[in-house]
Amino acid sequence: MASSDLRRIVKGMANEPMFSTRWFSMLTALQHITDIAVGESKKAGDDKGDSTLWERHELIVRYLLEEGKLNLTIRLLVDFKDNQRNEMFAQALQQAQANEPGITFDDIPTIKIKAALYEQTLGVLVSCALRSVESLQTLDTALLVSHIGRTLVFSLAHSEMVRSPDSARRQEVLCVTYLSTIFDHIEELQEDRIMELICEHDVLSLLTRNVSAYHTFYSKDTKTHAAKALSGILATEEF
């Protein structure tokens, strides 16, 4: 796919009504660009040296920043998880069906699968983006850290999220990666502000409790990210 087509997909991202036909169409597009973002991130590697995002071949993340869609991506993810925690999916589906009476919707099991894919796709896309310091410097840190805190609370009450076979792509696990990535670049970010948010949302305690409860279910990579996140928090001047 041409780079202009990829940019068009990113530019077209919007907060569509959940389970509407536009929402399902956006899911398909998101899956496509996320697959590309993952491939580009792997090629770039973990050690990106002094090169900037614009010097590397990470088109999807670059377009997210250039089109102002990074924080929208996080907002879409946050709204989805809030609806999940508040058990609003059934109401959202009823509203979508009422708004589009001429559309034949998938059966409930298929919609549940697509809902899970939506969360996982957005979550992985955010993870790819956060590996670039340019993204970390422009993201809505307050929104992300608040989301991490609420997600860590939710995971303690819903162990099935961490125990599931696809847990590595769920927010209850990916949030650990987000924290690790933030502290990988903490010297280039506003440490005081980040630690203020970490304390406000009790992230250290929540992360410690999650690691204690779920370390046997975490993959090796997630354990590494958890250790880096805890070490990063404790190494700040706040402690």
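Tutor: What follows is a set of questions and answers about a predicted model.

Student: Why is the pair of F19 and F89 called edge-to-face?

Tutor: The ring centres of F19 and F89 are 6.0 Å apart and the planes stand at 80 degrees, and because an angle over 60 degrees counts as edge-to-face, the pair takes that name. This pair links distant parts of the chain, since F19 is in the loop between α1 (3–11) and α2 (21–44), whereas F89 is in helix α5, 70 residues apart.

Student: How do you know whether F19, F24 and F89 are buried or partly exposed?

Tutor: Buried means under 20% relative accessible area, so F19 at 2% is buried, and F24 at 16% is therefore buried by that rule as well. F89 has 23%, which lies between the limits of 20% and 50%, so F89 counts as partly exposed.

Student: Which residues do ring pairs link into a cluster?

Tutor: The cluster consists of F19, W23, F24, F80, F89 and Y118, and the count of aromatic pairs in the model comes to seven.

Student: What surrounds the centre of the second largest pocket?

Tutor: This pocket has a volume of about 370 Å³. It is lined by 15 residues, of which F19, F89, I111, K112 and A115 are the closest to its centre, and the elements that give two or more residues to the lining are α4 (70–85), α5 (89–99) and α6 (108–130). Helix α6 gives the largest share, six residues, and by kind the lining divides into ten nonpolar, one polar and four charged residues.

Student: Why is T121 called buried?

Tutor: The relative accessible area of T121 is 5%, and because this is under 20%, T121 is buried. T121 lies in helix α6 and touches L27, L30, Q31 and T34, leaving aside residues up to four places away in sequence.

Student: Why is S180 called buried?

Tutor: S180 has a relative accessible area of 0%, which is under the 20% limit, so S180 is buried. S180 is found in helix α10 (residues 171–184), and its contacts, again leaving aside residues up to four places away in sequence, are H225, K228 and A229.

Student: Are C128 and C199 buried or partly exposed?

Tutor: C128 has 2% relative accessibility, under the 20% limit, and therefore counts as buried. C199 has a relative accessible area of 39%, between 20% and 50%, so C199 is partly exposed.

Terms used. Residues are numbered from 1 along each chain as its sequence is written. This is a predicted model: local features need pLDDT of at least 70, side-chain atom pairs count only at pLDDT 80 or more; totals for chains, interfaces and linings use all residues. Side-chain values use heavy atoms; hydrogens and water are left out. On a 1 Å grid over the protein atoms alone, a cavity is a set of points where a 1.4 Å probe fits but cannot get out, and a pocket is an open set with protein on both sides within 12 Å along at least five of seven lines; lining residues have an atom within 4 Å of a point. Grid points are joined across faces, edges and corners, and a volume is the space filled by probe spheres set on the points. Helices (H or I, at least four residues) and strands (E, at least two) are DSSP runs, numbered from the N terminus. Ala, Val, Leu, Ile, Met, Phe, Trp, Tyr, Cys and Pro count as nonpolar, Asp, Glu, Lys and Arg as charged, and the others, Gly among them, as polar. Buried means under 20% relative accessible area, exposed over 50%, partly exposed in between (1.4 Å probe, protein chains only). Contact means heavy atoms within 4.5 Å. Rings of Phe, Tyr and Trp (its six-membered ring) pair if their centres lie within 6.5 Å; planes under 30 degrees apart count as stacked, over 60 as edge-to-face and the rest as tilted.
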